[in-house]
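Me: I am new to this structure and would like to learn how to read it. Please take the features one by one.

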Amino acid sequence: GNYKVKCSFVDDDKRVWKTWEWDFNLQPDWASLSKSYEEPTQPTVTVVSMSFLPRGYPSHDRVFNLAEEGQQFPQIIKEGVKFHLMIKFRVEGRIVSGLRFQTATSRKGVTVYKDSYMYNVGSYGPNSPRGRSYYEYTTPMEEMPKGMIYRGNYKVKCSFVNADKKVYKTWEWDFKLQPDWRVKAEVPEAE
């Protein structure tokens, strides 16, 4: 609608020194408003690295640089060891909500653990240029299986997804589970 505003400059003695009047229309121009409004950018999650952190064996910590595509990570892991996985990541654009880290482990092409390891990472705002350059998430303590039946080669597929199942990053790594940390001569596994 149309509005009229009247303003006056008044001193302490209630004398009016100057008066202004304005007429204005508060009807929005929807066409120009819709052109000037841009949809905020979608959140982008960049996974920087993943670290395998075995408890009690700091010399066997492994950091996987996930910025290099197609990199393989064959590892030897001692059976029965307790460990954490630590993910370093950046958020850009908007707030990402319901971020999850999930893994699926397979042996000889058969999935042995799937979605039983889905961790709710949380919601994060974009990293500030003056703040932290990345966020860190550490999984709860897990334990590798123990015993002769579990020894062998495994493949782990990891994913970083949000609550809407949008996949931000997927990567794979291999490990060989054996009784100790030493590298042994390769013996082909029975099929």
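**Reading the pocket, the core and the strands**

Me: How do the residues of the lining of the largest pocket divide into nonpolar, polar and charged?

Reply: The lining has 11 nonpolar, 2 polar and 2 charged residues. Ala, Val, Leu, Ile, Met, Phe, Trp, Tyr, Cys and Pro count as nonpolar, Asp, Glu, Lys and Arg as charged, and the others, Gly among them, as polar. Keep in mind that this is a predicted model, in which local features need pLDDT of at least 70 and side-chain atom pairs count only at pLDDT 80 or more, while totals for chains, interfaces and linings use all residues. Residues are numbered from 1 along each chain as its sequence is written, and side-chain values use heavy atoms, with hydrogens and water left out.

Me: How much space lies in the largest pocket, and which residues are the closest to its centre?

Reply: A pocket is an open set of points on a 1 Å grid over the protein atoms alone, where a 1.4 Å probe fits, with protein on both sides within 12 Å along at least five of seven lines; lining residues have an atom within 4 Å of a point. Grid points are joined across faces, edges and corners, and the volume is the space filled by probe spheres set on them. Here the largest pocket holds about 270 Å³. Its lining has 15 residues, and Phe83, Thr105, Tyr113, Tyr117 and Met144 are the closest to the centre.

Me: Which strand gives the largest share of the lining?

Reply: Strands (E, at least two residues) and helices (H or I, at least four) are DSSP runs, numbered from the N terminus. The largest share, 3 residues, comes from β8. At least two lining residues each come from β6 (82-92), β7 (96-107), β8 (110-124), β10 (142-143), β11 (152-161) and β12 (167-178).

Me: How many helices and strands are there in the protein?

Reply: The protein has 1 helix and 12 strands. Read from the N terminus, the order is β-β-α-β-β-β-β-β-β-β-β-β-β.

Me: Which element has the lowest mean pLDDT, and which the highest?

Reply: pLDDT is the predictor's confidence in each residue, from 0 to 100. The lowest mean, 55, belongs to helix α1 (residues 30-36), and the highest, 92, to β9. Over the protein the average is 78, and 77% of the residues score at least 70.

Me: How many of the residues of the protein count as buried?

Reply: Buried means under 20% relative accessible area, exposed over 50%, and partly exposed in between (1.4 Å probe, protein chains only). Of the 191 residues, 31% count as buried.

Me: How many residues has the largest nonpolar core?

Reply: A nonpolar core is a set of buried Ala, Val, Leu, Ile, Met, Phe, Trp, Tyr and Cys residues joined through side-chain atoms within 4.5 Å. The largest one has 31 residues, and those with the most contacts inside it are Met50, Ile77, Phe89, Leu99, Phe101, Phe160 and Trp173. Each of β3, β6, β7, β8, β9 (135-138), β11 and β12 supplies at least two residues of this core.

Me: Which residues does Ser51 touch?

Reply: Contact means heavy atoms within 4.5 Å. Beyond four places in sequence, Ser51 touches Arg62, Val63, His84, Leu85 and Met86. Ser51 sits in strand β3 (residues 44-54), and it counts as buried because its relative accessibility is 3%. Phe52 is also in β3 and is buried at 2%. Across the protein, residues 24 or more positions apart make up 65% of the contacts with a separation of 6 or more.

Me: Why does Lys6 count as exposed?

Reply: Lys6 is exposed because its relative accessible area is 60%. It belongs to strand β1 (residues 2-10). Apart from neighbours within four places, Lys6 is in contact with Thr19, Trp20 and Glu21. Lys6 and Trp20, 14 residues apart in sequence, are 5.7 Å apart C-alpha to C-alpha.
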